[in-house]
Each structure stands twice: as C-alpha cells, then as structure tokens.
Amino acid sequence: MREHVLRAAFAGLGALLTASATGCDDGGEPAYDGQAACDEVATKLRGCELLSDGVVDCPLFEERRYGECAVECAGPASCEDMRAQTCDDADNEFARCIDRCEAVFVVFDCGDGAQIDAERRCDGEAECANGADEARCDPPETVDCGDGEPVSGSRCDGTMDCQNGADEADCPMRAMTLCAGGF
Ligand SMILES: [Ca+2]
Ligand SMILES: [Ca+2]
C-alpha cells in the first residue's frame, strides 16, 4: 500500500504516508485545520513551481503534530532546498526538518511516559497501560463499490480498494509534483 499513498504531491514530504493519520483532537488546544495546513504547504510548493494545479491529498496533515511541524519547515525553506528534497530526495536542511516531523508517525506517546510503535495505535489492542492508544480512534472508513458489501478504503484516495475500481472512478484531477525530467 505504501506506493499508492506515497504519491504525487507530497511524495517528497511524506516518506511515511502509510502511518495511520488518527485525526485526534487534543481537547482544549486551539482548533487545528489539517486542510489549511496542507494548503499552506501546497501554496509554498506552487510558489516554487513544484506542484501543479489540482486536488492535493493531505493524509499526513490530519495528524496535527505533523501538519504544524511541516508548515514550520516549509515556511523558511528555500525553493532550491524544497526542489532538491522533493525531486532528488536530497539531504538538506528542509529534508532533515521534514524527517523530524515524520517521527510522530513512528512512535506513539501513551502520555504516561511510555511509547509504543505508532502502528499499534487504533489496532484494537491496548499496548499503553492507560489504553491511550485505543482511545479516540476513528471507525474504519469504508467505501461502496456498488456491487455488494462496502469494503474498507476511501473514495478518490489514489488506492484502488474496490475490485471493480469504482472507488477511484470519476475522481477530480490530482496535483502532481513538478520535477524536471518527470517524477
Ligand atoms: Ca493498540
Ligand atoms: Ca480508494
């Protein structure tokens, strides 16, 4: 599944797109808008001529800590560094900044001093002693394929979940990363 979600617009920004974006909100903190954070980074990429028009997928940005971190990385980054990171997987200041943001998808903090693999979040079994990893989990998303029972997956996410491909039919054009020589 990694190659499907590691696509187009944020391929360079999201080496760990497979991680579960949990969509938690953190109670009393100010509201966080993942789409707005994603749009901010997309605008920056477009300003650097690194992203075409079209719909931008933002699964990573559903995770607040990632989204806020990515916006902070993109803000001061030079177009040159962003291009090198996006197109050539280069190691530079921006790349290292984004790498640090992605750490939130590797480790889940139970909040009691313990940390577990982020992949164990919302997997149906409590690994945190306090059960934090199974709290506030979104129900699994399903999609209607039009030929029977809904299957797990999402519509227009770039991954074919229906055997008949119905979930990826008639979807809006996606934004593409613009790199010399193609991506
Ligand atoms: Ca768990
Ligand atoms: Ca899909």
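Biologist: How many helices and strands are in the chain?

Modeller: There are five helices and four strands. This is a predicted model. Along the sequence the pattern runs α-α-α-α-α-β-β-β-β.

Biologist: What share of the residues counts as buried?

Modeller: Of 183 residues, 25% are buried. As for contacts with a separation of 6 or more, 54% of them join residues 24 or more positions apart.

Biologist: Which residues have the most contacts inside the largest nonpolar core?

Modeller: They are Cys38, Val41, Tyr66, Ala70, Cys73 and Cys101, in a core of 26 residues. Helices H2 (34-47), H3 (64-74) and H5 (93-102) each supply at least two of the core residues.

Biologist: Take Cys73. What is Cys73 in contact with, leaving aside its neighbours within four places in sequence?

Modeller: Cys73 is in contact with Phe94, Cys97, Ile98 and Cys101.

Biologist: Now helix H4. Which of its residues are buried?

Modeller: H4 spans residues 79-88, and Met82, Arg83, Gln85 and Thr86 are buried there. The cover over these buried residues includes H2 and H5. Just after H4, Asp89 has a positive phi of about 55°.

Biologist: Where does pLDDT stay under 50?

Modeller: Over residues 1-9, where the model has 26 contacts beyond four places in sequence. Residues 11-24 also stay under 50, with 35 such contacts. Where pLDDT is low, the predicted coordinates should not be read in detail.

Biologist: And what does the chain average?

Modeller: The average pLDDT is 84, and 83% of the residues score at least 70.

How values were computed. Residues numbered from 1 in each chain as written. Chains lettered and ligands numbered in written order. Predicted model: local features only at pLDDT ≥ 70, side-chain atom pairs only at ≥ 80, totals over all residues. Core = buried A, V, L, I, M, F, W, Y, C linked by C-beta atoms within 7 Å. Buried ≥ 20, exposed ≤ 12 C-beta atoms within 10 Å, placed from the backbone. Contact = placed C-beta atoms within 7 Å. pLDDT = per-residue confidence, 0-100.
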